[in-house]
Amino acid sequence: MRCPYCGNDDTQVKDSRPTEDSGAIRRRRVCNGCGGRFTTFERVQLRDLTVVKKSGRKVPFDREKLAKSVYTALRKRAVESERTERMISGIVRQLESLGDVEVTSDQIGEYVMDGLKGLDDVAFVRFASVYKNFSAADDFRNFLATLAEGGKSTLRDDE
(Lines give C-alpha, C1' and ligand atoms only; values in the text may rest on other atoms or scores of the structure.)
Protein backbone atom coordinates (compact mmCIF):
# COMPACT_ATOMS: atom_id res chain seq x y z
CA MET A 1 0.00 0.00 0.00
CA ARG A 2 1.41 3.39 -0.99
CA CYS A 3 1.99 5.97 1.77
CA PRO A 4 -0.36 8.96 1.36
CA TYR A 5 2.31 11.26 2.81
CA CYS A 6 5.50 10.44 0.89
CA GLY A 7 4.35 7.99 -1.80
CA ASN A 8 6.63 5.19 -0.57
CA ASP A 9 5.42 1.67 -1.47
CA ASP A 10 7.06 0.13 1.60
CA THR A 11 4.40 0.23 4.33
CA GLN A 12 3.67 -2.19 7.13
CA VAL A 13 0.41 -3.28 8.80
CA LYS A 14 0.56 -2.63 12.56
CA ASP A 15 -3.00 -3.58 13.55
CA SER A 16 -5.99 -5.24 11.85
CA ARG A 17 -9.53 -5.61 13.13
CA PRO A 18 -13.02 -5.91 11.69
CA THR A 19 -15.34 -2.90 11.67
CA GLU A 20 -18.38 -3.01 13.98
CA ASP A 21 -20.65 -4.31 11.23
CA SER A 22 -17.97 -6.81 10.11
CA GLY A 23 -18.32 -5.45 6.58
CA ALA A 24 -14.66 -4.46 6.33
CA ILE A 25 -11.24 -4.92 7.87
CA ARG A 26 -9.65 -1.81 9.33
CA ARG A 27 -5.86 -1.79 9.03
CA ARG A 28 -3.53 0.64 10.78
CA ARG A 29 -0.36 1.06 8.73
CA VAL A 30 2.99 2.74 9.15
CA CYS A 31 5.30 3.92 6.38
CA ASN A 32 8.82 2.52 6.62
CA GLY A 33 10.10 5.60 4.75
CA CYS A 34 8.67 8.63 6.57
CA GLY A 35 7.12 6.95 9.64
CA GLY A 36 3.65 8.30 8.80
CA ARG A 37 0.65 6.38 10.14
CA PHE A 38 -2.61 5.92 8.26
CA THR A 39 -5.68 3.67 8.12
CA THR A 40 -6.97 1.58 5.23
CA PHE A 41 -10.16 -0.45 4.87
CA GLU A 42 -10.51 -3.73 3.03
CA ARG A 43 -14.02 -4.58 1.80
CA VAL A 44 -15.58 -7.39 -0.18
CA GLN A 45 -16.51 -6.38 -3.70
CA LEU A 46 -18.97 -8.74 -5.36
CA ARG A 47 -18.73 -7.25 -8.83
CA ASP A 48 -17.38 -4.24 -10.68
CA LEU A 49 -20.29 -1.85 -11.08
CA THR A 50 -20.66 0.74 -13.83
CA VAL A 51 -22.74 3.87 -13.30
CA VAL A 52 -24.83 5.10 -16.21
CA LYS A 53 -25.10 8.88 -15.92
CA LYS A 54 -28.13 10.89 -17.08
CA SER A 55 -26.15 11.90 -20.17
CA GLY A 56 -25.67 8.21 -21.03
CA ARG A 57 -21.97 8.32 -20.18
CA LYS A 58 -20.68 5.29 -18.27
CA VAL A 59 -18.17 5.52 -15.42
CA PRO A 60 -16.87 2.97 -12.90
CA PHE A 61 -18.72 2.98 -9.57
CA ASP A 62 -16.68 4.72 -6.88
CA ARG A 63 -17.60 4.00 -3.27
CA GLU A 64 -15.52 6.96 -2.11
CA LYS A 65 -17.53 9.34 -4.31
CA LEU A 66 -20.73 7.96 -2.80
CA ALA A 67 -19.32 8.36 0.71
CA LYS A 68 -18.19 11.92 -0.03
CA SER A 69 -21.67 12.98 -1.13
CA VAL A 70 -23.24 11.36 1.95
CA TYR A 71 -20.73 12.97 4.31
CA THR A 72 -21.28 16.34 2.59
CA ALA A 73 -25.02 16.08 3.30
CA LEU A 74 -24.24 15.09 6.91
CA ARG A 75 -21.69 17.88 7.50
CA LYS A 76 -22.04 19.34 11.01
CA ARG A 77 -24.80 16.89 11.91
CA ALA A 78 -24.58 14.73 15.03
CA VAL A 79 -24.60 11.34 13.30
CA GLU A 80 -22.11 8.67 14.32
CA SER A 81 -19.70 7.79 11.53
CA GLU A 82 -20.29 4.09 12.23
CA ARG A 83 -24.00 4.49 11.38
CA THR A 84 -23.07 6.41 8.25
CA GLU A 85 -20.60 3.73 7.14
CA ARG A 86 -23.24 1.04 7.74
CA MET A 87 -25.68 2.97 5.56
CA ILE A 88 -23.10 3.39 2.77
CA SER A 89 -22.14 -0.30 2.94
CA GLY A 90 -25.84 -1.19 2.78
CA ILE A 91 -26.30 0.92 -0.34
CA VAL A 92 -23.30 -0.74 -2.00
CA ARG A 93 -24.64 -4.20 -1.10
CA GLN A 94 -28.05 -3.28 -2.54
CA LEU A 95 -26.44 -2.10 -5.78
CA GLU A 96 -24.31 -5.24 -6.04
CA SER A 97 -27.38 -7.40 -5.36
CA LEU A 98 -29.36 -5.96 -8.26
CA GLY A 99 -27.88 -8.62 -10.51
CA ASP A 100 -26.75 -6.16 -13.17
CA VAL A 101 -23.28 -4.66 -13.54
CA GLU A 102 -24.79 -1.36 -14.71
CA VAL A 103 -26.69 0.90 -12.32
CA THR A 104 -28.13 4.32 -13.05
CA SER A 105 -27.19 7.43 -11.13
CA ASP A 106 -30.93 7.76 -10.37
CA GLN A 107 -30.95 4.36 -8.62
CA ILE A 108 -27.98 5.41 -6.49
CA GLY A 109 -29.62 8.74 -5.66
CA GLU A 110 -32.84 7.05 -4.57
CA TYR A 111 -30.95 4.60 -2.33
CA VAL A 112 -29.04 7.49 -0.74
CA MET A 113 -32.26 9.44 -0.18
CA ASP A 114 -33.89 6.41 1.45
CA GLY A 115 -30.84 5.89 3.67
CA LEU A 116 -30.56 9.53 4.72
CA LYS A 117 -34.28 9.75 5.44
CA GLY A 118 -33.79 7.16 8.19
CA LEU A 119 -30.52 8.69 9.39
CA ASP A 120 -31.03 12.46 9.59
CA ASP A 121 -33.87 14.69 8.32
CA VAL A 122 -31.67 17.72 7.66
CA ALA A 123 -29.12 15.70 5.69
CA PHE A 124 -31.99 14.14 3.76
CA VAL A 125 -33.30 17.57 2.71
CA ARG A 126 -29.76 18.81 1.92
CA PHE A 127 -29.10 15.83 -0.34
CA ALA A 128 -32.55 16.12 -1.94
CA SER A 129 -31.93 19.79 -2.73
CA VAL A 130 -28.91 18.87 -4.84
CA TYR A 131 -30.25 15.57 -6.21
CA LYS A 132 -33.62 17.07 -7.17
CA ASN A 133 -31.90 20.26 -8.39
CA PHE A 134 -33.82 22.78 -6.27
CA SER A 135 -33.54 26.23 -7.79
CA ALA A 136 -35.83 28.34 -5.57
CA ALA A 137 -37.18 28.52 -2.04
CA ASP A 138 -40.53 27.25 -3.33
CA ASP A 139 -38.85 23.98 -4.27
CA PHE A 140 -37.91 23.50 -0.61
CA ARG A 141 -41.42 24.42 0.58
CA ASN A 142 -43.07 22.02 -1.86
CA PHE A 143 -40.67 19.22 -0.95
CA LEU A 144 -41.17 19.73 2.80
CA ALA A 145 -44.96 19.96 2.38
CA THR A 146 -44.92 16.65 0.50
CA LEU A 147 -42.84 15.09 3.26
CA ALA A 148 -45.23 16.40 5.91
CA GLU A 149 -48.08 14.70 4.05
CA GLY A 150 -46.11 11.45 4.16
CA GLY A 151 -45.83 11.14 0.38
CA LYS A 152 -43.04 11.12 -2.13
CA SER A 153 -41.78 14.30 -3.70
CA THR A 154 -43.33 15.25 -7.00
CA LEU A 155 -40.22 17.14 -7.99
CA ARG A 156 -38.18 15.41 -10.63
CA ASP A 157 -34.49 15.65 -11.39
CA ASP A 158 -35.12 17.40 -14.68
CA GLU A 159 -37.53 20.07 -13.40
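Colleague: Is Lys58 buried, partly exposed or exposed?

Modeller: This is a predicted model. Buried means under 20% relative accessible area and exposed means over 50%. Lys58 has 48% relative accessibility, so Lys58 counts as partly exposed.

Colleague: Which residue forms a salt bridge with Lys58?

Modeller: Side chains of opposite charge can pair when their charged atoms come close. Here the partner of Lys58 is Glu102, and the closest N and O atoms are 2.7 Å apart. Glu102 is partly exposed because its relative accessible area is 32%.

Colleague: What does the pair of Glu110 and Lys132 link?

Modeller: The closest N and O atoms of this salt bridge, Glu110 with Lys132, are 3.8 Å apart. The pair links distant parts of the chain, 22 residues apart: Glu110 sits in helix H3 (residues 105-119), and Lys132 in the loop between helix H4 (121-131) and helix H5 (137-148). Glu110 has 26% relative accessibility and therefore counts as partly exposed. Lys132, with a relative accessible area of 9%, is buried.

Colleague: How many salt bridges does the structure hold?

Modeller: There are 9. Another one joins Asp15 and Arg17, with 2.9 Å between the closest N and O atoms. Asp15 is partly exposed at 29% relative accessibility, and Arg17 is partly exposed at 45%.

Colleague: Where are the mean positions of the positive and negative charges of the protein chain relative to each other?

Modeller: For the 29 positive and 26 negative charges, the mean positions are 5 Å apart.

Colleague: Now burial. Which residues is Val30 in contact with, leaving aside neighbours within four places in sequence?

Modeller: Val30 lies in strand S2 (residues 24-31) and counts as buried because its relative accessibility is 10%. The contacts of Val30 beyond those neighbours are Thr11, Gln12, Lys14, Gly35, Gly36 and Arg37. Val13 is 17 residues from Val30 in sequence, with a C-alpha to C-alpha distance of 6.6 Å. In the protein chain, 35% of the 159 residues count as buried.

Colleague: What order do the elements follow from the N terminus on?

Modeller: The order is β-β-β-β-β-α-α-β-α-α-α, with 5 helices and 6 strands. UniProt, in an unreviewed entry, places the feature "domain: ATP-cone" at residues 49-139. Over residues 49-139 the chain is 63% helix and 10% strand.

Key:
Residues numbered from 1 in each chain as written. Predicted model: local features only at pLDDT ≥ 70, side-chain atom pairs only at ≥ 80, totals over all residues. Heavy atoms only, no water. Helix = DSSP H or I, 4+ residues; strand = E, 2+ residues; numbered from the N terminus. Buried < 20%, exposed > 50% of the residue type's maximum accessible area, 1.4 Å probe, protein only. Contact = heavy atoms within 4.5 Å. UniProt positions renumbered as here; feature names shortened; annotations may be inferred. Lys, Arg positive; Asp, Glu negative; His and termini not counted. Charge placed at Lys NZ, Arg CZ, Asp CG, Glu CD. Salt bridge = Lys/Arg side-chain N within 4 Å of Asp/Glu carboxyl O.
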